[in-house]
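Ready for a few exercises on charges, contacts and backbone angles? Have a look at the sequence and the model, then try each task before you read its solution.

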Amino acid sequence: MNDHTPTEPIDVLLIEDNPGDVRLTQEAFRTTESEISFRVLGDGEAAATYFRGLEDGEPRPDLVLLDLNLPRKDGIGVLEVLEEELDYPPPPVLVLSSSDAEADIAESYANAANAYLSKPDVMSEFASMAEAIERFWIDTAKQPPAPA
């Protein structure tokens, strides 16, 4: 991930309003080999405020997990704020939603989401998803360097 070394935890920003899904996601990532540090924001407006407040050079999350159905500002609105507020390179944004609607999937990708994942129904599926995210987005994918 960006400026990540093996001795540092992976900073994941989880934007999710459902406490049960927050708990399941955090528990699922505990099954992975990576040390994950979560910051949780419970609505889209809080996420927008967070991204608008990031100063140049301030550490950004290594990975964003974004629910689409959020109070106050939906996930698409958060993606729009990310595009407006963050200089290149933005962190990878994975939409994690219960919606399988093609319109939601298309709109997420049109607004620069890096992936669209359906929320699993059971803990074992959450753990498998967390392991897949770890293998690809944490262990394998290379992110562009921050601008000098």
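This is a predicted model: local features need pLDDT of at least 70, side-chain atom pairs count only at pLDDT 80 or more; totals for chains, interfaces and linings use all residues.

Residues are numbered from 1 along each chain as its sequence is written, and side-chain values use heavy atoms, with hydrogens and water left out.

**Exercise 1. The salt bridge of Asp-21**

Find the salt-bridge partner of Asp-21 and work out which parts of the chain the pair ties together.

Solution. 
- Step 1: start with the criterion. A salt bridge is a side-chain nitrogen of Lys or Arg within 4 Å of a carboxyl oxygen of Asp or Glu. The general idea is that side chains of opposite charge can pair when their charged atoms come close.
- Step 2: run the search. Over the whole structure it returns seven salt bridges.
- Step 3: pick out the pair. Asp-21 is bridged to Lys-119, with 2.8 Å between the closest N and O atoms.
- Step 4: Asp-21 sits in helix α1 (residues 19-30) and Lys-119 in the loop between β5 (115-118) and α5 (123-140), so the bridge ties together parts that are 98 residues apart in sequence. Here helices (H or I, at least four residues) and strands (E, at least two) are DSSP runs, numbered from the N terminus.
- Step 5: check the burial. Both Asp-21 and Lys-119 are buried. The classes are buried for under 20% relative accessible area, exposed for over 50% and partly exposed in between, with a 1.4 Å probe and protein chains only. Lys-119 counts as buried because its relative accessibility is 14%.

**Exercise 2. From pair to network**

Which residues do salt bridges with shared partners join into one network? Look also at the contact between Lys-119 and Glu-16.

Solution. 
- Step 1: follow the shared partners. The network is made of Glu-16, Asp-21, Asp-67 and Lys-119.
- Step 2: look at the side chains of Lys-119 and Glu-16. A polar contact of 2.8 Å joins them. The term stands for a pair of N or O atoms within 3.5 Å; within protein, one must be able to donate a hydrogen and the other to accept it, and residues adjacent in sequence count only if both atoms are side-chain atoms.
- Step 3: compare with a separation of C-alpha atoms. Glu-16 and Glu-134 are 118 residues apart in sequence and 19 Å apart in space, C-alpha to C-alpha. Glu-134 belongs to helix α5 and, at 8% relative accessibility, counts as buried.

**Exercise 3. Arg-72 and its surroundings**

Describe Arg-72 by its salt bridge, its accessibility and its phi angle.

Solution. 
- Step 1: find the partner. Arg-72 forms a salt bridge with Asp-43, and their closest N and O atoms are 3.7 Å apart.
- Step 2: locate the two. The pair links distant parts of the chain, 29 residues apart: Arg-72 is in the loop between β3 and α3, and Asp-43 in the loop between β2 (36-41) and α2 (44-53).
- Step 3: assign the classes. Arg-72 counts as exposed because its relative accessibility is 65%, whereas Asp-43, at 14%, counts as buried.
- Step 4: read the backbone. Phi of Arg-72 is near 70 degrees, a positive value in a residue other than glycine. As background, most residues other than glycine have a negative phi.

**Exercise 4. Another positive phi**

Where is Ala-112 found, and what is its phi near?

Solution. 
- Step 1: take the angle. Ala-112 has a positive phi near 75 degrees, and it is a residue other than glycine.
- Step 2: locate Ala-112. It is in the loop between α4 (102-110) and β5.
- Step 3: With a relative accessible area of 47%, Ala-112 is partly exposed.

**Exercise 5. A negative patch**

Which residues form the negative surface patch, and which helix gives the largest share?

Solution. 
- Step 1: set the rules. Patches are made of residues with over 30% relative accessible area and no salt bridge; like charges are joined within 9 Å, and nonpolar side chains (Val, Leu, Ile, Met, Phe, Trp, Tyr) within 5 Å.
- Step 2: list the members. They are Asp-74, Glu-80, Glu-83, Glu-84, Glu-85 and Glu-107.
- Step 3: assign the share. Helix α3 (residues 75-85) gives the largest, four residues.
- Step 4: look at Asp-74. It lies in the loop between β3 (63-66) and α3 and is partly exposed, with a relative accessible area of 40%.

Terms used
Accessible areas come from the Shrake-Rupley method with a 1.4 Å probe; for residues, only the protein chains shown count as cover. Lys and Arg count as positive and Asp and Glu as negative; His and the chain ends are not counted. The place of a charge is taken as NZ of Lys, CZ of Arg, CG of Asp or CD of Glu.
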